[in-house]
Amino acid sequence: MILLTGVTGKTGGETAQQLLQKGARLRALVRDESKAADLKAAGVELVVGDVSDADTVQRALKGAEKAFLTLPNGQHQLEQEKQFTDLAVAAGVKHLVKMSSMEAVAHAETPIPRAHWAAEEYIRASGLAWTMIKPNFFMQNLLASAAGIRTNRRFSLPMGNGTTGMADIRDIGAVCAEVLTGPGPAGKGHAGQSYEITGPEVLTFHAVAERFTAVLGAKVEYVPMPMDQFRARMTGVLEPWHLNAVCELFREIAETGLEHTTDTFKRLIGREPTSVTQFIQDHMTLLK
Ligand SMILES: NC(=O)c1ccc[n+]([C@@H]2O[C@H](COP(=O)([O-])OP(=O)(O)OC[C@H]3O[C@@H](n4cnc5c(N)ncnc54)[C@H](OP(=O)(O)O)[C@@H]3O)[C@@H](O)[C@H]2O)c1
């Protein structure tokens, strides 16, 4: 039995779907049962409640051999993940797989990667077998700009000329499903591994706009947004801690960016990762 969090979100949802295709026995901790009706119909056992609530997490973890922890960024993410880890140890879970991020490194300077790194360190010290899933920027983040691309043929983000090696969440879900069920390199499992996941290319957002232009057959432009404008636009949409943390992360992408891709996806799954061009082709109904 594998216990999953976040199945009504992006990475948890993809991971659940791909685990179901592998025939895995799943339980999911969800806040809103109605959002997980399809998964329930597909045989996923649901435990309803909030991850902050220790009783809920205890019920969810009972009898689980493995757990997959993905939570959205927020002020309380680190304490939620620490509590989840303690309860996983107490429940006798054998292997904890955590969604982290590629920016989460020992010297991380911004709040979200710092919190992920602190949670990783806590898990590594817990005695549990662990695997860290560390993706770069999600391609699916581009869909937040779909309406602007469709109607004005432009999108605007505060990433300047920064680079990402953006990855498709379908590929990330495939890696998570492999980590939770597969034999691992040389049949030794995936415990003790940190998997950095990128797509196949390092691209600026101007280069991403060129990919949109090529696939849509009409000029699409990326217009860098000043950070102050982004902050003003998102005030009230994200709570203050989260907004500040996202601005700092995006500033880091704009100033530093990513220099290299990784071969994690190909090594574990055995095919090339999804390209931005393929991603756009797969989402034409939203973008054309
Ligand atoms: N976005 C990126 O480019 C990127 C890149 C690398 C790593 N990451 C990492 O990926 C993680 C986010 O993953 P995601 O995009 O899959 O998240 P997401 O789509 O926002 O989904 C979050 C999930 O967590 C559930 N959830 C939220 N608060 C909860 C609570 N208090 N108790 C129980 N469940 C709760 C949500 O349930 P509801 O449906 O009830 O809200 C939802 O299922 C973050 O930790 C982030 O740092 C993101």
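Q: How do the residues of the shell around the ligand divide by type?
A: Ala, Val, Leu, Ile, Met, Phe, Trp, Tyr, Cys and Pro count as nonpolar, Asp, Glu, Lys and Arg as charged, and the others, Gly among them, as polar. Here that gives nine nonpolar, 13 polar and four charged residues. Bear in mind that this is a predicted model: local features need pLDDT of at least 70, side-chain atom pairs count only at pLDDT 80 or more, and totals for chains, interfaces and linings use all residues. Numbering starts from 1 along each chain as its sequence is written, and side-chain values use heavy atoms, leaving out hydrogens and water.

Q: Which residues surrounding the ligand are the closest?
A: Look for a heavy atom within 4 Å of the molecule. There are 26 such residues, and Thr8, Thr11, Arg31, Leu71 and His116 are the closest.

Q: Is Thr70 buried or exposed?
A: Buried means under 20% relative accessible area, exposed over 50%, partly exposed in between (1.4 Å probe, protein chains only). Thr70 counts as buried because its relative accessibility is 8%.

Q: What does Thr70 touch?
A: Contact means heavy atoms within 4.5 Å. Skipping residues up to four places away in sequence, Thr70 touches Thr5, Gly6, Thr11, Gly12 and Met99.
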